[in-house]
Amino acid sequence: MIASVGTNRELGAGGELCWRIPADLKRFKRLTTGHAVVMGRKTWESLPVKPLGGRLNIVITHNENYQAPGATVVPSLEAAINAADGYDIFIIGGESVYAAAMPMAGRLELTRVMAGCPEADAFFPEFDPAEWAMVTAEEPDDASADPPYRFETWERKN
């Protein structure tokens, strides 16, 4: 799973990300290119450019008539995993897709934003740090970034 998360697990507000951090967007592209990105319908609709280039885009929706040009549309997380056969999978949102995928996730790529987003209406699921190990924590090159953030990689413990 990959996400940009605020101090209270905030993800977004009103269908938009809480923050647009250029280094975070570059990291997202670097990590996900060549892989499958799995998202819910609202996340798909919020993308400024569709589909995300260089990736297998998979959209989960219960609407069997939904059209997402350039993406594979599926009815469930299980169907998304099957559609991504042969690809590494990155869950990219939204809140309900993250929550459904958390029990099976093996790695979390988080941009930890050291700020709150009071208007947030979408949140990353809680996870028990006792079940996970932070394997990297990378501070940004720009120490004066506003808001401050860092990149974290977590792996599930066996």
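Author: A salt bridge is counted where a side-chain nitrogen of Lys or Arg lies within 4 Å of a carboxyl oxygen of Asp or Glu. This is a predicted model, in which local features need pLDDT of at least 70 and side-chain atom pairs count only at pLDDT 80 or more, while totals for chains, interfaces and linings use all residues. Residues are numbered from 1 along each chain as its sequence is written, and side-chain values use heavy atoms, with hydrogens and water left out.

Reader: Why is the pair of R107 and E109 called a salt bridge?

Author: The N to O distance between these side chains is 3.1 Å. The limit is 4 Å, so the pair qualifies. R107 and E109 are also linked with R27 in a network of salt bridges. By this rule the count comes to 8 salt bridges.

Reader: What makes E109 buried or exposed?

Author: Its relative accessible area is 6%. Buried means under 20%, exposed over 50%, and partly exposed in between, with a 1.4 Å probe and protein chains only; E109 is therefore buried.

Reader: What is known of the salt bridge between E152 and R112?

Author: The closest N and O atoms of E152 and R112 are 3.0 Å apart. The pair links distant parts of the chain, with E152 in strand β11 and R112 in strand β8, 40 residues apart. Strands (E, at least two residues) and helices (H or I, at least four) are DSSP runs, numbered from the N terminus. E152 is buried at 2%, whereas R112, at 21%, is partly exposed. E152 also meets R150 in a salt bridge, with an N to O distance of 2.7 Å; R150 is partly exposed at 24%.

Reader: How do you know where the buried residues of helix α1 lie?

Author: Helix α1 spans residues 22-32, and its buried residues are D24, R27, F28, L31 and T32. They cover an arc of only 110° around the axis (taken from the directions from the helix axis to the C-beta atoms), which puts them on the same side of α1. An α-helix has 3.6 residues a turn, so residues three or four places apart point the same way. On the other side of α1, P22, K26, K29 and R30 are exposed. Just after α1, G34 takes a positive phi of about 90°.

Reader: What covers the buried residues of α1?

Author: By contact (heavy atoms within 4.5 Å), the cover includes β1 (2-5), β4 (36-40), β7 (89-93), β8 (107-113) and β11 (149-156).

Reader: What makes a space a pocket, and what volume has the largest pocket?

Author: On a 1 Å grid over the protein atoms alone, a pocket is an open set of points with protein on both sides within 12 Å along at least five of seven lines, and lining residues have an atom within 4 Å of a point. The volume, the space filled by probe spheres set on points joined across faces, edges and corners, is about 1200 Å³ for the largest pocket. It is lined by 45 residues, of which T43, S46, I92, G93 and G94 lie nearest its centre.

Reader: Which residues lie nearest the centre of the second largest pocket?

Author: They are M1, I89, F90, G106 and R107, among 14 lining residues. This pocket has a volume of about 280 Å³, and the largest share of its lining, 3 residues, comes from β7.

Definitions and conventions: On a 1 Å grid over the protein atoms alone, a cavity is a set of points where a 1.4 Å probe fits but cannot get out, and a pocket is an open set with protein on both sides within 12 Å along at least five of seven lines; lining residues have an atom within 4 Å of a point.
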